[in-house]
Each structure stands twice: as C-alpha cells, then as structure tokens.
Amino acid sequence: MTSGWGFPDFDDHEGVHLFTDPASGLKAVIAVHSTALGPAAGGARFWHYADSSAAITDALRLSRGMSFKNAMAGLPLGGGKGVVLADAPGATISTQQLEAFGRAVESLAGRYVTAEDVGMSEARMKVIASQTRYVSGLPVESGAAGGDPGPYTALGIYLGVKAAAKRGLGADDMRGVRVAIQGVGSVGGGLARLLAKDGAVLTLADVDQTRAEALAAELGASTASAETILATDADIVSPNALGAILDAGTIAGLKAKVVAGGANNQLAEAADGRRIHERGIVYAPDYVINAGGIINVGLEYLGQGDEAEVKARIARIPDRLTEVWDESDRTGAPASEVADMLAKRLIGR
C-alpha cells in the first residue's frame, strides 16, 4: 500500500530515515520495515541511482525483503536496509562518509543493525563500527560466526540450487546440469566454484565481462553477455546480480525449468511470481535461498553460536524451500506468494 506517500513499495514501514552530512557529502537512506521479531537487521549498500526516489524505493523493497528473510531463516531479527548514494557510477566511498553513516546508524539507537552489502566490505564495516556498536560482519577469528557474509550466502544458494534441481529436473546431483549464472562477484563467483566441483556445465555473465571471462577460464565454463544470460538455453538460471530482472519480457524468454539465485528482489513486480508459476518453472524465492549471509552476521551480532552453528542453520535452507514448494503444489499459489504468506505469518502481518 502507498499509505499516502506515493511509494508503491511502502509496506507500513516503521520508519524511513533520510540522512545528509554536508561535511562528508554523505547522502543515505535507512529503511526499517519491521522490528516485530527483533532489531531490524540488513546490510548497507553503496550504489549509484538515477535519482533519490530510486534509492528510496530500493531501500523500501530491500528492507521488506530482509524482514521476510530473517523470519524465514528463524532469526530473532526484524528487517531493515541501508542505502548510501554514490555520486556517479564507479565512485568510491570515503572514510568520512563511512563514519557519517556510522553516526546515522547510531542515531537510531539499535533499531537498525547494519552489515556488508553491495559496494561495502569488511574493512568498510570496521570504519562504520568506529562510530556505532550496531554493526555486524566484522573480521572474526577462524571458527567464529561473522565476517564476510558472501561465502555463506553462496553456500546457501548452492544448497538451494541443488534442491531446486531435484525438484524441477529430478536431478540427484549436479553433474551435467546446465546452469546459467548472472553475476559472478563474491556470491555468484562462489556459487560457480561450488557447482563446478560438482560437474555442472556453467555459462557465466557479469557486467564486468573481463571478470566473467577470467572465472570461465578458471572453471572451464562458457560466457554470455549480461543482457542475454537469462535467455540462455540452460536447465537452471541463477540470478546473482541486482534485482528487478524478472519481468514480463524476460520471463517469456526463459528456456530454463528452474530459477534459483541469490539476487535480492528478483521480481520486477508481484505479478511476475505468477507469470513464472504459470510457465511451470520452479522458482526459489530469493529471500529464502539467499539467507546464508544474514544467518552468519546475524548470529555474530546476537552472539549465538559459532561457524558450525551457522553452517547447520544454512543447511536448513533446502527444507524451507521444500516447505514453500509443497504448499504451492497443494494450493496452486505461486511459490513467491506462498513464501510471502509464510513470512507475514511469522512477523504477525
């Protein structure tokens, strides 16, 4: 509902906070969707947007997704998201801007807990942590929960892709399964390496074509352009870049029987979940399959368990996906709608 604010993705958010810091040039949004289950946890991303409205919309959608993700992962955390606006594509965030963002997080007094997302890093989290205690994803000792969430996100997606391959293809293993991966950064690249070890046949794409070609050479994979990868003749398409890439046009062009990847907010609009469903494609709702990273940094912040506990919880991601798919089969509702229903029930909405 727009609730009179003119933003279709406003979903009764508890708070949408806009920050500027003239001294550093910081311009940021922190959206708190829900604290029903605990503090609103979600990473901060540094990205260039066409305008401020696009940045606010992204924060609204991502924070709602974090509420659902944390609930479905069984974490005592709500959902929030931070967005720091870059002046131009490829811009670098300064230490002063990171410090200013840390002060913005601190001003919310624990209602929002930040962590690493697109355009951020462990080193940048350390700078933010110099200004606030409400931060996770910091460097940790071996065997402890926490640190870079990327490898843990990739692990959860890998397990989810295997579950989706079983569901949609009847595949007992990944040998010979053709997987087209869109985005081969920290998460998509980690997923590609795990699948390559299993003998999957990979096609890789990235906005940085050089990065895709380098990883393809390492793994014996082929490449496609970032614009055509979704329409690749593959068994599984795995989106692992930015969101809103599944729309009426791209869904009509899908040749794969499964869509399972880690990008947040893959559906351009809610109706796209039904479009995928009506084509008979098995869809892994993004905030269910990509929960590995928040499980890791969430347990770090909460002080609950070690790396072994993190991996044990990530291993449950296929079970949660199966619950969604089974309910979808029983009711005829799209997997995306079933996941939303289950998540809303968990957070009392």
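Predicted model: local features only at pLDDT ≥ 70, side-chain atom pairs only at ≥ 80, totals over all residues.
At 15% relative accessibility, Asn-265 counts as buried, because the cut-off for a buried residue is under 20% relative accessible area. Asn-265 sits in the loop that runs between strand S11 (258-259) and helix H8 (271-278). Its backbone deserves a look as well: Asn-265 is not a glycine, yet its phi is positive, at about 50°. Most residues other than glycine have a negative phi.

A second residue with this feature is Ala-109. The phi of Ala-109 is near 55°, again a positive value in a residue other than glycine. Ala-109 belongs to the loop between helix H2 (95-107) and strand S6 (112-113). Is Ala-109 buried or exposed? With a relative accessible area of 57%, Ala-109 is exposed, because exposed means over 50%. Asn-265, by contrast, is buried.

The next stop is helix H10, which covers residues 292-302. Of its 11 residues, 9 are buried, so H10 is largely enclosed by the rest of the structure. Which residues of H10 are buried? They are Gly-292, Gly-293, Ile-294, Ile-295, Asn-296, Val-297, Gly-298, Leu-299 and Glu-300. After H10 comes Gly-303, and the phi of Gly-303 is positive, near 70°.

Two packed helices are described by the angle between their axes and the distance between the axes. For helix H4 (residues 150-169) and helix H11 (residues 307-314), the axes come within 10 Å and cross at roughly 30°. H4 is therefore roughly parallel to H11, because angles under 35 degrees count as roughly parallel. The crossing of H4 past H11 is right-handed. On the H4 side, the contact is made by Tyr-152, Leu-155, Gly-156 and Leu-159, and on the H11 side by Glu-307, Val-310, Lys-311 and Ile-314. Sorted by type, the residues of this contact comprise 5 nonpolar, 1 polar and 2 charged.

H4 has a further partner in helix H5 (residues 186-197). Here the axes are 8 Å apart and the helices pack at an angle of about 50°. H4 and H5 are therefore oblique to each other. Their crossing is right-handed. H4 contributes Gly-150, Thr-153, Ala-154, Leu-155, Ile-157, Tyr-158 and Val-161 to the contact, while H5 contributes Ser-186, Val-187, Gly-190, Leu-191, Leu-194 and Leu-195. This contact consists of 9 nonpolar and 4 polar residues, with no charged residue. Leu-155 of H4 takes part in the contact with H11 and in the contact with H5.

The last feature is a pair of side chains. How many aromatic pairs does the structure hold? There is 1, formed by Phe-68 and Tyr-287 with their ring centres 5.5 Å apart and 65° between the planes. The arrangement is edge-to-face, because that term applies to planes over 60 degrees apart. The pair links distant parts of the chain: Phe-68 is in helix H1 (residues 52-72) and Tyr-287 is in helix H9 (residues 286-289), 219 residues apart. Both Phe-68 and Tyr-287 are buried.

Key. Residues numbered from 1 in each chain as written. Heavy atoms only, no water. Phe/Tyr/Trp six-rings, centres within 6.5 Å; stacked < 30°, edge-to-face > 60°. Helix = DSSP H or I, 4+ residues; strand = E, 2+ residues; numbered from the N terminus. Buried < 20%, exposed > 50% of the residue type's maximum accessible area, 1.4 Å probe, protein only. Axes fitted to C-alpha atoms, helices over the stretch in contact; angles between N-to-C directions. Parallel < 35°, antiparallel > 145°, perpendicular 65-115°, else oblique. Left-handed = near helix turned anticlockwise from the far one by under 90°. Contact = heavy atoms within 4.5 Å. Nonpolar A, V, L, I, M, F, W, Y, C, P; charged D, E, K, R; others polar.
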